[in-house]
Amino acid sequence: MGWMVTFLFSRIGTPKLISTDFFFHLGLLRNCKKRCFYSVYHSASSALLDNDVSDCDSCGKCYGVNYEIRCNQVDRLCVRHRFLYSAVVRVFHTLDWRIARKIEFSRLVEQFGVSHTVDVFRVIVHTFAMAGMKIEVFALLRYTMEYYRKVNHDVFELLAIVLDSREHGERSAIVCNVLIKVLATNSMLESALDAFFYCKRVGLELEILSCNFLLKCLVEAKKGELVSRLFEEMKIFGPLPNVFTYTIVISFYCKGVSGRIDLDIIKATEILEGMMRVGEKPTVVTYGAYIDGLCRSGCVEYAYDYIRILRNQNQPLNVYCYNAVINGYCKQGKTKEAEKVFNDMQAYGILPDIDSYDILIDGFCRKGDLEKGLNFIEEMERCNLNSTPKSYISLLTGSCKTGAMDFSLKIFEHMKDSGCKFDEAAYNVLIKGFCKHGDLDSAKKLFQEMICHDLVPDAYSFNNLIHGFCKMGLLDQALEHFHVMIERGIPPGSVISNVIVQGYCKEGRLEEALHFINEMLSQGLIPNLFSYNAVIDRICKEINPKRAWELFAPMFKMNASPNVVTYSSIIDGYAKSGCFNKARVVHAKMLKTGLEEDVVMHTILINMFSNNGHVWKAYKLFEEMIRGGLDVDVVSYTSMIAGFCKIGNMQKAKNLFDHMKNSGKFPGVFTYNCLIDGFSKLNRMDFADTLHDEMKRHKIRGNVVTYTILIASYRRVGKLDRALDLFKEMRSQGILPDNPWIGCQRNG
């Protein structure tokens, strides 16, 4: 028999593929089938068999082949092919996987070529397939597929090669089922789907298990369209979906995939109803997935009603079904309703698990009810359920949010004493809380304690500390921790880098900020728009908009395209430096880029036009803001009021002031000062006094500017007694005059 295989493999020169049908016609596989294929296979069977399986003479005589020609062919190839032939024959004879696994696909390709190697593997694959050895078939097909993938061959070609004729559809179907699993396992989902359709086209019956496996892989890969396509194909052409198929698809539509397919509870409902129409009975997993989908879509009340319906129908329910509703209510802030469901679950005889408690603890702590959260942790311990780090972190987050840092530390100590395993997350919550409330010493102490417990600080840990130091103006300490972060090999993200740049700019250390950006580039960190905006804003505040404009080129190079904030800073810089024409040019360039003006930009332009004497141009922009639906703020109103006061149009200024108050905007002391000054310059001291009295009624405390305007105006109109009374009022409120003349007048 070994000689016959040798003869067949000597036909390597012919382009015709060697089929397993050929072996059956020769009687080789037929004999093996009688001996091996329907016996119970076990790995030890090969130890009982003789390695010498040659039977050349009998085979040659049976088929009348010229012996001399045959021997010449064998002589030329036997040395090179001896191991391969012997191994293949032994696989046929013994079904020994240990022999088959030694036949490496890639090595055989190098020696015998792709076509011949695929033929060899094809024979072995079908041999194992007929013996029901699917694990071995999987391994062989994976080796073959990996080679095709490595050399960029079309994997779909492999499908036609490894399948047998339609007369032997049973083993071809087995091979195809396994091939689909191989392709799906290796994330070649489109190829796996092609294999599915190919098998349906040639009439091969696929197993529901392999189809469900492919469907599950498509779901995990978020291939929404392919999931729908395969599911519909199975419903029409088979294999018909079973309860697992329906559950996979219902779960997919109930969870939703951002960017691919939205959560579609309507579609999930249709599939669930269709499932019951065809007689497939949903399991508790099916119901759990659907109830979770209802809650995710916001239909929490309906989900709870659905649980009641299922309960009345004696349908299967578990803690997962109830947890979904409890979580849904907690996310909506309805913790009382969530607790009601929790109690109802226990009354029905379903015991809560750790997730049930964690959900409730987190829900109550988010609402600030720390006592309730702590009570649930104590209840968990009474029920012999070990509290998790998640439970304590919810408590820590809630207490830090309310500023109860002493209570947070007590919770943390209790967490450690209870034996609950804690990690960096718990420390990070505390460090962030202390930094937020300005207690950087405690934050640093916890940071060092974390390191002492062999916990490695991550980027989040450093970010909290660095942000806290910068917020408190301790930039040098922030930089110290930044360099420690670099030394530890923790890449500083854009957030931390932005905080450092903003810290430099806040302290006026502009050159160091620019140097830091260059350091970022040298370390492979690309500065983003926020970093550049911080620098540009600082440059413009130093009245150097030209230098800020020069940063636009490197910004575009780093794909940090300027936004409306960037342009606003530069336009404001030019306006404050008196370069109104350049400010208009920059504004025009911004509009050409397609950026839209926001409230800040409009306010800057209004200020610019008002200060330049073009009040009506400013007013036109102001009206555009209102027509465009922009939320006109106090600053915009005050800018327009100040502009009209400067040109003496007090009627317009007063109308805007009234409109501002009617719009729900509350004027500040600067707005009142503009109006008081405007009316005082027109000697309308009655209006000025009315506005001053209104400030007092609304508890808006006047400042030195307010009193200076009023005192100077009353002196100008000759009412010195009134001026003196205002001076005494100013002194009684602890406001010192900034004009020496006022003090001299009092002494005089």
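**Salt bridges and their surroundings**

Modeller: Arginine 311 and aspartate 344 form a salt bridge, with 3.2 Å between the closest N and O atoms. Arginine 311 belongs to helix α18 and aspartate 344 to helix α20 (residues 335–347), so the pair ties together parts that are 33 residues apart in sequence. The model is a predicted one. Arginine 311 is buried, at a relative accessible area of 19%. Aspartate 344 is also buried, at 18% relative accessibility. Buried here means under 20% relative accessible area.

Another is formed by aspartate 631 and lysine 665, whose side chains meet at 3.4 Å, N to O. Aspartate 631 lies in the loop between α37 (615–627) and α38 (634–646), and lysine 665 in the loop between α39 (650–662) and α40, so this pair ties together parts that are 34 residues apart in sequence. The two ends of the bridge have their own accessibilities. Aspartate 631 is exposed, with a relative accessible area of 55%, whereas lysine 665 is buried, with 19%.

A further bridge joins glutamate 512 to arginine 509, and there the closest N and O atoms are 2.8 Å apart. Glutamate 512 is partly exposed, with a relative accessible area of 34%. Both residues belong to a network of salt bridges that links Asp476, Glu507, Arg509 and Glu512.

One of the lysines, lysine 401, sits in helix α23 (residues 389–402). Lysine 401 is exposed, with a relative accessible area of 57%.

Asparagine 314 is found in the loop between α18 (300–312) and α19 (319–331). Its phi is positive, about 55 degrees, although asparagine 314 is not a glycine. Most residues other than glycine have a negative phi, and most peptide bonds are trans. Asparagine 314 is exposed, with a relative accessible area of 68%.

Asparagine 683 has a positive phi as well, near 60 degrees, and is likewise a residue other than glycine. Asparagine 683 is placed in the loop between α40 (669–681) and α41 (685–697). With a relative accessible area of 45%, asparagine 683 is partly exposed.

A cis peptide bond runs from glycine 238 to proline 239, with omega near -5 degrees. Proline 239 lies in the loop between α14 (224–237) and α15 (243–255).

Next come the aromatic side chains. A search of the whole structure finds 23 aromatic pairs. In one of them, phenylalanine 252 and tyrosine 253 are edge-to-face, with 5.2 Å centre to centre and 70 degrees between the planes. Phenylalanine 252 is buried, with a relative accessible area of 3%, and tyrosine 253 counts as buried at 5%.

Phenylalanine 552 and phenylalanine 556 form another edge-to-face pair, 6.4 Å centre to centre with 65 degrees between the planes. Phenylalanine 552 is buried, with a relative accessible area of 6%, whereas phenylalanine 556 is partly exposed, with 47%.

Ring pairs also build a cluster, made of Trp616, Tyr619, Phe622, Tyr637 and Phe644.

Phenylalanine 121 is in helix α8 (residues 114–130). Phenylalanine 121 is buried, with a relative accessible area of 3%. From phenylalanine 121 to glutamate 104 the separation is 17 residues in sequence and 9.7 Å in space, C-alpha to C-alpha.

How values were computed. Residues are numbered from 1 along each chain as its sequence is written. This is a predicted model: local features need pLDDT of at least 70, side-chain atom pairs count only at pLDDT 80 or more; totals for chains, interfaces and linings use all residues. Side-chain values use heavy atoms; hydrogens and water are left out. Helices (H or I, at least four residues) and strands (E, at least two) are DSSP runs, numbered from the N terminus. Buried means under 20% relative accessible area, exposed over 50%, partly exposed in between (1.4 Å probe, protein chains only). Rings of Phe, Tyr and Trp (its six-membered ring) pair if their centres lie within 6.5 Å; planes under 30 degrees apart count as stacked, over 60 as edge-to-face and the rest as tilted. A salt bridge is a side-chain nitrogen of Lys or Arg within 4 Å of a carboxyl oxygen of Asp or Glu.
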